[in-house]
Amino acid sequence: MSREYETVIGLEVHVELATKTKIFCGCSTAFGGAPNTHTCPVCTGMPGSLPVLNKKVVEYAAAVGLATNCTINQNCKFDRKNYFYPDNPQNYQISQLYEPICRNGYVEIETADGGTKKIGIHEIHMEEDAGKLVHDDWEDVSVVDFNRSGVPLIEIVSEPDMRSADEVIAYLEKLRLIIQYLGASDCKLNEGSMRADVNLSVREVGATEFGTRTEMKNLNSFRAISHAIEGEKNRQIDLIESGEKVIQETRRWDDTKESSHAMRSKEDAQDYRYFPEPDLVPIIISDEWLEEIRSHQPEFRTEKLARYEQEYEIPRYDAEILTNSKHMADLFEETVALCGKPKKVSNWLMVETMRLLKEHEMEPEDIRFSPEHLAALINLADAGTINSTVAKEVFEQMFADDTDPEKYVEEHGLKTVNDEGALRATIEQVIKDNPQSVEDYHNGKEKAIGFLVGQTMKAMKGKANPGMVNQILKELL
Amino acid sequence: MFLMSLTAVELGKRIQNKEVTAVDATREALAAIAAREEAVHSFVTVDAEGALARAKQIQERIDAGELTSPLAGVPVAIKDNMCTQGMKTTCSSKILYNFMPTFTAEAVCNLEKAGAVILGKTNMDEFAMGSTTETSAFGVTKNPWNTGHVPGGSSGGSCAAVAAEECSYALGSDTGGSIRQPSSFCGVTGIKPTYGTVSRYGLIAYGSSLDQIGPIAKDVTDCATILEIISSHDSKDSTSVKREDTHFTEALVDDVKGMKIGIPRDYFGEGLNTEVKEAVLAAAKELEKKGAIVEEFDLGLVEYAIPAYYVIACAEASSNLARFDGVKYGYRTEEYDGLHQMYKKSRSEGFGAEVKRRIMLGSFVLSSGYYDAYYLKALRVKALIKKAFDEAFAKYDVILGPAAPTTAPKLGASLSDPIQMYLGDIYTISVNLAGLPGISLPCGTDSQGLPIGLQLIGDCFKEKNIIRAAYAFEQTRDYAHSPIAAQEKGGVS
Amino acid sequence: MANIISDETIEYVGILAKLELSDEEKEQAKKDMGEMLDYIDQLNELDTTGVEPMSHVFPVHNVFREDEVTNGDGSEDTLANAPLMRDGGFEVPKTII
């Protein structure tokens with residue numbers, strides 16, 4: 001008789017904060033750049049260099065803590081986590097163990113049965129990111145680039161409260177949304193600005209003790225997370241079923257192989273020898289400072305949803321999609337502020353934008369076009385300057401590279417033809433060229449008119465005013 | 001040759017008065033180095049060409065009236081654990097044998113702004129770990145008073161260079177006594193300032209919570225003048241303290257009337273050499289004669305400072321020295337198979353025995369299961385030691401005692417027994433744990449003619465008290481601040 | 001000696017500290033560490049119940065930088081001392097197999 005198992009999952013989520021500079025030095029956090037160009041003595045561990053904390057990091061971390069119902073530790077400190085690795089220039093990482101900035105929070109997720117569930121947050125701490133290792137394809141060497149070394153991170157450590165991949169994804173989406181709303185990070189999994197390590201164990205349903213857990217690293221997409229959870233759950237159950245033991249270890253997910261392997265090595269003793277960082281002084285967050293951070297908290301999704309329904313009179317469903325991304329919501333509000341017409345703005349975002357995002361496998365955060373251009377496009381369409389077919393074509397251009405729609409329409413001569421003389425001449429020619437369709441129409445085949453409209457539009461390169469074409473056609477027939 | 005026999009301030013005055021030039025002074029220093037290095041070996045790097053070029057530039061600026069600092073044009077030697085841009089900085093370790101810093105330590109920058117002429121870098125115990133300057137990878141430094149003896153350490157090269165008149169003054173660093181103990185052994189004057197007074201930016205860390213840079217010179221006036229120049233609030237060092245009262249030369253007053261001086265009985269117990277004891281107590285008498293109120297008291301906890309220090313310093317060192325791994329700078333082993341072997345071989349070949357001993361101990365006390373028992377315990381004892389000093393300073397302005405239990409030991413006598421060597425720091429170490437300022441100045445010589453050092457300890461941020469007491473004491477003696485001066489005087493004073 | 005340091009402990013600490021000791025050095029390290037720990041155990045004579053561990057000696061706190069870019073291209077200085085360089089970075093033995 002087979003036993004029933006329950007999966008117990010806790011997450012360690014690393015989020016790169018959207019500061020302009022690194023956590024302990026004045027180097028830029030901008031992506032890209034030739035190797036080691038965004039570096040200085042501090043972020044490369046030069047002898048004699050010393051760290052100085054970026055104030056904005058504390059403010060972002062506290063803001064995330066407040067938004068996730070944490071208690072802010074008003075007297076927090078940094079510690080050193082000691083381990084050797086080439087991407088870790090000092091061979092210790094400045095992090096927080098003993099006095100992290102936030103503790104005891106939670107976020108609420110929606111469950112499959114339509115209910116809600118609280119996922120506990122054990123702590124949030126601040127730390128520095130490591131550099132990047134590029135592995136040579138031909139020789140047995142790797143190359144270290146410290147451009148990302150010292151980029152500020154927060155690590156959000158959940159309680160082991162999740163029981164399925166769906167809950168994990170819901171929790172991550174919720175976190176991402178909160179952090180994006182705060183502007184504390186863009187939270188892109190594929191670019192590594194949000195990374196999740198999964199701690200997973202299984203136990204028999206009804207058991208009170210947790211099983212032995214493993215930690216899964218290198219998960220770069222929601223899909224990878226789902227698959228890794230599924231795979232690891234099955235691996236552990238198989239071990240238990242065959243009478244073997246689960247070993248507490250760190251495993252690395254291989255996305256192409258869709259499997260994981262242990263990262264064990266005799267040389268990695270996983271004994272981090274934490275101790276208080278002597279080069280940094282404690283952080284005391286006064287009540288006043290905390291209040292100031294609280295007062296700068298933005299409008300979160302729940303409040304936005306309500307306001308959209310009320311202020312813009314758009315349906316709940318639309319509001320939900322729009323507010324599901326901070327960038328989308330901002331785009332919506334900014335466009336409406338420019339051109340009014342919330343329903344139309346919402347439609348462009350919900351229908352065409354979402355379609356193209358899906359087609360290009362992009363996230364709403366990747367949208368490039370500006371609210372100014374979307375507003376201009378809506379105005380052009382609304383004024384009848386371009387017809388809806390042309391509008392869609394222009395929009396695709398705009399989506400691709402933020403083209404100015406007014407310029408584009410002008411340059412490509414896409415304005416709708418409203419000149420009755422020109423339309424009439426073209427339609428007369430179309431009627432002459434398609435006697436069969438004309439006959440069909442007269443024989444009661446109403447549909448035939450559609451074909452004739454199409455032929456007219458084609459002849460006019462799509463720019464004809466469709467209302468006028470219909471009217472003139474009917475008249476001439 | 002006489003310019004190097006002058007104090008730094010006297011030389012600075014002559015330069016300002018156009019009696020001599022910075023170039024003259026630098027030439028004399030370089031000549032002295034050329035003459036005495038073979039016997040003393042104070043330096044790891046001497047930059048003769050660069051020093052002369054700098055001296056010329058500085059003299060031009062002095063002539064143009066741009067540089068008016070009391071030390072403008074005066075030659076200085078820098079301990080080799082302070083980064084100097086474009087000048088090799090080795091910490092006297094093979095692992096940094098070729099390291100060329102790309103920036104200069106803040107304290108050294110402050111000296112440069114004041115027109116100091118940097119001669120080169122002085123020898124030290126490897127990574128400042130040691131009390132004899134014998135753990136240097138580049139050879140031992142010898143005591144100029146008697147080259148069969150050690151100069152003390154870890155700033156042994158800096159102290160020996162001052163005593164051998166190879167420079168006008170020097171910078172050292174003090175983690176557990178590394179300025180005061182060798183100053184005592186070499187018969188020079190050195191100050192370990194309050195933690196946070198001199199920026200640590202550019203000082204290659206040993207024990208970050210204990211390290212401080214300080215001056216080593218021929219007398220108290222020089223030390224106060226140098227300290228005034230190198231002290232600064234540095235936004236690059238988070239532990240740097242904003243201080244208003246860094247006009248230390250104001251304390252150069254020959255007046256200790258009513259000053260309360262405490263003598264800890266626990267500093268005069270077992271292990272203290274009789275001659276040292278007598279000289280130090282005689283110094284206390286001199287101050288008493290000048291109107292100071294001198295009193296004995298029990299400080300307490302003295303014997304616990306050393307074990308607490310070794311836990312904290314070694315733990316910090318094990319982490320601070322992790323960065324030396326053959327990846328970014330310094331020594332990398334020739335042959336290796338894979339990353340971990342590259343690390344292990346580079347570090348094992350690059351570090352000397354004492355450094356490895358302390359890294360091993362530091363790694364152990366922080367390791368899983370021992371952190372509370374060793375590291376936290378030591379931090380608690382540190383709190384108790386600080387409290388004991390707080391209580392003492394509620395009663396006294398200055399604490400007076402020896403800088404070291406003995407005079408300079410013979411070469412090779414200390415390294416065989418580490419704990420015995422560590423015990424030599426018994427009077428200096430607690431000062432670092434509590435972050436306090438301390439000064440060591442000569443107060444006599446023993447029967448072998450080796451200098452004895454007097455230590456004065458002040459409450460935090462009260463350097464002025466110890467400078468004033470030291471200055472007043474200094475006025476009571478006909479003073480020979482180097483073996484050369486002593487010889488000229490026809491014997492030791 | 002109250003603290004007997006085993007071969008395993010020296011081996012383990014060597015892994016943590018990335019130090020490879022010869023057999024002779026290992027024996028010496030066992031002896032030195034044991035003696036030092038005996039010496040350090042003196043601290044246990046002191047009752048420190050209720051004493052807050054003091055990591056920072058002065059009550060200095062909240063030392064911050066503003067979030068402003070102050071550094072430009074630092075690659076030249078960063079790489080100036082590299083023992084082995086490749087493609088604008090530091091070359092190390094391959095870290096993944």
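**Chatting through chains A and B**

Reader: Okay, starting with Val76(B): leaving aside its neighbours within four places in sequence, which residues is it in contact with?
Author: This is a predicted model, and in it Val76(B) is in contact with Leu111(B), Ala116(B), Val117(B), Ile118(B) and Leu119(B), plus Cys167(B), Ser168(B), Tyr169(B), Ala170(B) and Leu171(B), once neighbours within four places in sequence are left aside.

Reader: And which residues touch the most other members of the largest nonpolar core?
Author: Val76(B) is one of them, along with Ala61(A), Val162(B) and Val311(B). That core has 263 residues.

Reader: Which helix gives the largest share of this core?
Author: Helix H9 of chain B, residues 302–320, with 13 residues.

Reader: Val162(B) came up just now. Which residues of H5(B) are buried?
Author: Val162(B) is on that list, together with Gly156(B), Gly157(B), Ser158(B), Cys159(B), Ala160(B), Ala161(B) and Ala163(B). That's 8 of the 8 residues of helix H5 (156–163) of chain B, so the helix is largely enclosed by the rest of the structure.

Reader: What comes just after H5(B)?
Author: Glu165(B) sits there, and it takes a positive phi of about 55°.

Reader: Zooming out, how many helices and strands does chain B have?
Author: Chain B has 16 helices and 11 strands. Its C-alpha trace spans about 65 × 55 × 45 Å along the principal axes, and 68% of its 493 residues count as buried.

Reader: Now chain A. How many helices and strands there?
Author: Chain A has 15 helices and 17 strands. Its radius of gyration is 29 Å, well over the 23 Å from the globule rule for 477 residues, so chain A is more spread out than a compact globule. The C-alpha atoms fill a box of roughly 90 × 60 × 55 Å along the principal axes.

Reader: What share of chain A counts as buried?
Author: 42% of the 477 residues.

Reader: Which domains is chain A divided into?
Author: Domain 1 covers 5–290, domain 2 covers 301–401 and domain 3 covers 420–476. The centres of domain 2 and domain 3 of chain A are separated by 33 Å.

Reader: How many residues of those two are in contact?
Author: 4 residues of domain 2 of chain A are in contact with 4 residues of domain 3 of chain A. On the domain 2 side, 1 is nonpolar, 3 are polar and none is charged.

Reader: What about the two chains: how many residues of chain A are in contact with chain B?
Author: 25 residues of chain A, and they are in contact with 33 residues of chain B. The chain A side has 14 nonpolar, 6 polar and 5 charged residues.

Reader: Last topic, sheets! What is the order of the open sheet of 3 strands in chain A?
Author: The order is E6-E5-E16, with antiparallel pairing. Strand E6 (92–95) and strand E16 (275–276) of chain A are the edge strands, each pairing on one side only.

Reader: How many bridges join E5 of chain A to E6(A)?
Author: There are 4 bridges between E5 (residues 79–82) and E6(A). One pair of bridge partners is Arg80(A) with Ile94(A) in E6(A).

Notes: Residues are numbered from 1 along each chain as its sequence is written. Chains are lettered from A and ligands numbered from 1 in the order in which they are written. This is a predicted model: local features need pLDDT of at least 70, side-chain atom pairs count only at pLDDT 80 or more; totals for chains, interfaces and linings use all residues. Two strands pair if DSSP finds at least two bridges between them. Helices (H or I, at least four residues) and strands (E, at least two) are DSSP runs, numbered from the N terminus. A residue is buried if 20 or more other C-beta atoms lie within 10 Å of its own, exposed if 12 or fewer, and partly exposed in between; C-beta atoms are placed from the backbone. The radius of gyration is taken over C-alpha atoms; the globule rule is 2.2 Å times the number of residues to the power 0.38. Two residues are in contact if their C-beta atoms, placed from the backbone, lie within 7 Å. Ala, Val, Leu, Ile, Met, Phe, Trp, Tyr, Cys and Pro count as nonpolar, Asp, Glu, Lys and Arg as charged, and the others, Gly among them, as polar. A nonpolar core is a set of buried Ala, Val, Leu, Ile, Met, Phe, Trp, Tyr and Cys residues joined through C-beta atoms within 7 Å. Domain bounds come from an automatic or database domain assignment.
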